[in-house]
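Here's a protein model to look around in. Take a moment with the sequence and the 3D view, then read on.

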Amino acid sequence: MKNCATCQTAYPDDLEICPQDGTGLREPETWPPGTVINGKYVIFSRIAQSRVTAIYKAREIPRDTPRALKTLRGPFFADASLLRLFKRQTLVLRQLRHPNAVGAETSDETEDGRPFLVMEYAEGRSLEEVIKSEGRLPPRRVCGIARQIAAALEAAHRLGLLHGDLRPANVLLAEGPGGERVKVVGFGNPVLWEGVRERAGRTPQEFQLRDLIGAEPEYVSPERALGSRADDLDARSDLYGLGILIYEMLAGAPPFPSAGSDAAMLDTLLAHLELPPPPLAADGLPAGLIALMAALLEKRRELRPATAGCVGEELDRIAEALGE
């Protein structure tokens, strides 16, 4: 159920706006600030959420260490298939160990049986915030950010783990001893996405188009826009997402933006399938970077680079050619 903050009326999960006063409806917090989980973690705030999961900033009590706790959102906690998939996701995420990727340190369950992941709490501004405030980024910085994203993807792909939701909000940037440091969050989306699609078939009135494609339409690969199942996707779907991020960093906006309505989202999906990205002004942009971006954005995935490792090596060559 969702609540209206103005009139305090409860409504079904499929509604977004209160029909009485037009206020946006909100799902009650799974863990309000101050909640203590298993006597180990104190909740500060909810810091992110997808259609299915929510992530909370917490403090681990014995160590006084910040942590991020990820769990299923309220409407999905009672779904046995999603619970099973969430637990399956945790097994792989606990194996993901890379300085540019946020995996899971451990998993646990609350006293009432709700599973959750304990993850590193990554500091930094999201790439989404950076692009909104700074606009187009210089090519050398784009290469550095993209190179670290590619490294995180390579580590995940070696485990058979796809990201599936690669977008600026899931890339965090912070200054480190060696310069700008990237942390990619949100790995494992396709596992839960398949469960959402199954649930959508049972109760379609509760779902919107973005639930069926499993991500924001601006960042989905053509094969995903066609409705491919999670098992039919491979690393090249994530590499298409990396191509979108490179384009957005260079242009200040994604190639195929969406206004948010189902009709606009359909237009965006069709653009991924049929249209070339709008050309970028070539002034000051290295030809190698433009060529790599174009390869990543090929409609047919067999024409894209085969691995994130190959992409990272090419980004190194481009950066070296640009110099300091």
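Predicted model: local features only at pLDDT ≥ 70, side-chain atom pairs only at ≥ 80, totals over all residues.

**The whole chain**

The chain has eleven helices and twelve strands, which are DSSP runs numbered from the N terminus (helices are H or I with at least four residues, strands are E with at least two). Of its 324 residues, 49% are buried, where buried means under 20% relative accessible area, exposed over 50%, and partly exposed in between (1.4 Å probe, protein chains only). Take the contacts (heavy atoms within 4.5 Å) between residues at least 6 apart in sequence: 60% of them join residues at least 24 apart.

What about disulfides? The structure holds zero, counting a pair of cysteine sulfur atoms within 2.5 Å as one. Cys-143 is buried, at 2% relative accessible area, while Cys-310 is partly exposed, at 38%.

**Two helix pairs**

Two packed helices are described by the angle between their axes and the distance between the axes. Here the axes are lines fitted to C-alpha atoms over the stretch in contact, and angles run from 0 to 180 degrees between N-to-C directions.

Helix α4 (residues 139-158) packs against helix α8 (residues 235-251) at about 165 degrees, with the axes 10 Å apart. On the α4 side, the contact includes Val-142, Ile-145 and Ile-149, and on the α8 side it includes Leu-242, Leu-245 and Met-249.

Now look at α10 (residues 287-296) and α11 (residues 308-322): their angle is about 165 degrees and their axes are 10 Å apart. That makes α10 roughly antiparallel to α11. This time the crossing is left-handed. Gly-288, Leu-289, Leu-292 and Leu-296 of α10 meet Val-311, Glu-314, Leu-315 and Ile-318 of α11.

Follow the chain past α4 and you reach the loop between α4 and β11 (171-176), where Pro-168 lies. Asp-165 is in the loop between α4 and β11 too, whereas Leu-245 belongs to helix α8.

| Pair | Apart in sequence | Apart in space |
|---|---|---|
| Pro-168 and Met-249 | 81 residues | 9.2 Å |
| Asp-165 and Gly-188 | 23 residues | 8.4 Å |
| Leu-245 and Leu-166 | 79 residues | 8.1 Å |

Pro-168 is buried, at 3% relative accessibility. Leaving aside neighbours within four places in sequence, Pro-168 is in contact with residues including Ser-126, Tyr-219 and Leu-245.

Leu-245 is buried as well, at 1%. Beyond four places in sequence, Leu-245 is in contact with Ile-149, Leu-166, Arg-167, Pro-168, Val-171 and Tyr-219.

Asp-165 is buried at 10%. Not counting residues up to four places away, Asp-165 touches Asn-170, Asn-189, Ala-215, Glu-216 and Arg-224.

Note on methods
Residues numbered from 1 in each chain as written. Heavy atoms only, no water. Parallel < 35°, antiparallel > 145°, perpendicular 65-115°, else oblique. Left-handed = near helix turned anticlockwise from the far one by under 90°.
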